[in-house]
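Dear colleague,

Here is the structure I promised to hand over, with the sequence alongside. Please open it before reading on, as my notes follow below.

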Amino acid sequence: MVDTIVSEWLKLRTLRSNLYLLVFSVLSVLLCAGIAFMISRGFDNQAGDDRLVFTSVGAGLGTGLPVAYFVMAALGALSITSEHATGLIRTSLVVVPRRQLFLFAKIPALAAVTLVAGEMLVFAMHFAAQAVLGDRAGQVLLDGRTLGASLTDPGVAAELLVAGAVMPLVAMVGLGLGAVIRSTAGSLVALIMILFVLPVVAQTLPSPWRWRIGSFMVENLPNQIVAGDGPGILTPLAALALLLAYPVVALTAGAVAIAVRGRGIRPLVVGGLLAALLAAVTAIPSSAAASTLPWKACGGDLECASVQVPVNWSKPSSRKISIRIARLPVAGTHRRIGTVFAVPGGPGGSGIDDLKKSGGNFTQLRQQFDVVTLEPRNTTDLGVIPFDCFATGAWITVPDNRPEYDRLAAKNRKYAEQCRKADPEYFDNLDSGSVARDIEAIRVALGEEKLSFLATSYGGVVATTYARLFPGAVRALYVDGSVDHLADHATDLRMRYAAIEGQFARLSAWCESSAACALRGRDVGAVWRGLTAAADHSPVPVKGTQVSYSGFDFKVAAAPDVISPGPAPDFPNWQRFARAVDEAVKGDASGFADYVEQATKSKKVPSFRGMDATHCTDGLGFASYEEFQQVKALDQQLSPNFAGNELWHPLGCVGWPAPVTNPAKPLPADRLPPFLGAGTWTDHADVADIVSRVPGSSTVRYNGSGHGLYLTGNRCTISYANRYLTSLRLPAKGTTCEPPTAK
């Protein structure tokens, strides 16, 4: 046996065509460098968000890998077809009459040469591609991958080692084919069909067959074996089994073909059984969630179902309500990771409406995830409590003394009781803790071991509450412009006033230079402060009504427009604010009342009972009159232009009849994965405070206005969120995103 192997080694190293083939394999390196060069040129010709839609070259093997595989497979085929071509096969079989021993004796030398050459090639391809890409390689793309992948990135070294280790296996495929076909030309044609033609044909098929069949191609198996972030739907074990099946089938066929009549049964049986075993492993389905939910189409790609949960989670056997859920099912070219649960804002916003409006933003995420959301129990139009009741509320005033505080409490309680009487048990259990427990029931119904979260605005309160209650079920948590439920009143005031004062300064600067600003040429800050101070002593009437605006009313009405100016460069909301201020200074508050009424059907902003039903049971109100006084004193110090505005939500909870059932509590940071947060100028401080409570967490700061970056389609922050949710890789500290450049 040893002598036979040695003789095969001598044949391999003395055959001149083998040396030519190994030299030709360098073409694979040049191809990778060339493709990287063309991508770099295209990348440099784009700017901003247009760069984010490029396709990653990953480890850089790309086009070069099939060429390298072809060379190694050709090397295997030539090791036997050359003997047939020269007639040396007859001499070899005389010397080694055991034909299958003769065939298998070629494997050790062939494997050794192709393994060394293959590893050298794949690392050369990688370094050549990355050298051409340069700094561009680190650009995070919309699908969460980077344009290139460094050797230090998780999984890249393993992918290269596996890709190199595949070279001997494809050489075995070539050897087997050569034994069957016995012709160099025929063997090469067969290899071209397997390594080049079939993958191209697969790409012409309609989805989902295109990527399903493509997952079985040799060139796509190494990445799937190491569970990399490239395309492919197979599990690592299935990909490895399929990879081994290729040479097993080829060598079995070769062993049968080379055997004399009647002696091919044994290798056929052994090889057939082994191939069948490997095929069985490949056919084992991936560990998809064991969901029993009866999903039904409910518009576009959306599928809907419902889950029964108790009204009162402290009494699990009590009356049940039905929570409607929806999903955008996984629809990509990658192995499924799990479920991303999108928690809507509000409180009480509908996640189903969010997916209907913004489902396209999840396209890349759906390569590997189902995206699931819910219509939470605190959505105001579920019909348990009349919508009109929830969508209205008291007009809030800032108390100057305890009697006024008590009168506000009585007014709030009266308004709340009007809604509560419709269903007291339901009304008292609209806190975020109950919504979080609903999500846990949904997780169980989905059959998922863990969930990844994408929480927007007030959805961050629900998501962090879930993380506190069920830390072991959290795979990842991305908070986007989220409300900080974990901060105390003082910290919350400082963050929020810093945000709105920063926006007011930007508004003032814009007004100095824009002809669209009705206050241009005046000191905007002085005009505004003068208006609100005077209105607190003598409210400004809304022309033609009995309604008048105090300074506090002006601040509450104006805050949304100041914070969210609308699209640049026109900033329509800032324009509206300036016009309304100009009219109010002249004695008519109609400018504010008109747009408030358009949004709320009320001349002044009401403290919505639907929102308060969650805010107040989440503990966002004041614990006592004394705490209110302390917060009010700090409030006056922090904001020259909007003092009082941040008291509005907590004052809505004064006198609330339902108890606090979801107070803020510390997160179990040692049992949670690092979080990712993203926020605009006005949101970033909140999300930074949230994620700072879990070590290793990070944030992305968007240097612009807005709210809810993922749902509004901000590509830069979506790219970082997708990277985190798919691979759990966080951006570096201090990462920022800039507004897209106007075209």
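Predicted model: local features only at pLDDT ≥ 70, side-chain atom pairs only at ≥ 80, totals over all residues.

Residues are numbered from 1 along each chain as its sequence is written, and side-chain values use heavy atoms, with hydrogens and water left out.

I begin with the annotations, for which UniProt positions are given in the numbering used here, feature names are shortened, and the annotations may be inferred rather than shown by experiment. The unreviewed UniProt entry lists "transmembrane region" for residues 19-39, 59-80, 101-128, 160-181, 188-205, 237-260 and 267-288. Helices (H or I, at least four residues) and strands (E, at least two) are DSSP runs, numbered from the N terminus. On that basis residues 19-39 are 95% helix and 0% strand, with end C-alpha atoms 32 Å apart, and residues 188-205 are 89% helix and 0% strand, with 25 Å between the end C-alpha atoms.

Buried means under 20% relative accessible area, exposed over 50%, and partly exposed in between, with a 1.4 Å probe and protein chains only. Because 11 of its 13 residues are buried, α29 is largely enclosed by the rest of the structure, and just after the helix L728 takes a positive phi of about 65°.

A nonpolar core is a set of buried Ala, Val, Leu, Ile, Met, Phe, Trp, Tyr and Cys residues joined through side-chain atoms within 4.5 Å. The largest has 52 residues, of which W528, Y549, F554, F577 and F592 touch the most other members; helices that each supply at least two residues of this core include α20 (489-513), α21 (524-537) and α22 (551-563). Apart from it lies another core, of 51 residues, among them V311, A416, A613 and L672. Contact means heavy atoms within 4.5 Å, and, leaving aside neighbours within four places in sequence, F554 is in contact with residues including W528, L531, Y549 and F592.

R437, in helix α18 (residues 432-446), is partly exposed at 29% relative accessible area. Not counting residues up to four places away in sequence, R437 touches W313, L469 and F470, and the C-alpha atoms of R437 and W313 are separated by 7.5 Å although the two are 124 residues apart along the chain.

Finally, with a salt bridge defined as a side-chain nitrogen of Lys or Arg within 4 Å of a carboxyl oxygen of Asp or Glu, the count comes to 21. E626 forms one with R402, the closest N and O atoms being 2.5 Å apart; since E626 lies in helix α26 and R402 in helix α16, this pair ties together parts that are 224 residues apart in sequence. D553 and K604 form another (3.0 Å, N to O), and both residues are buried.

With best wishes
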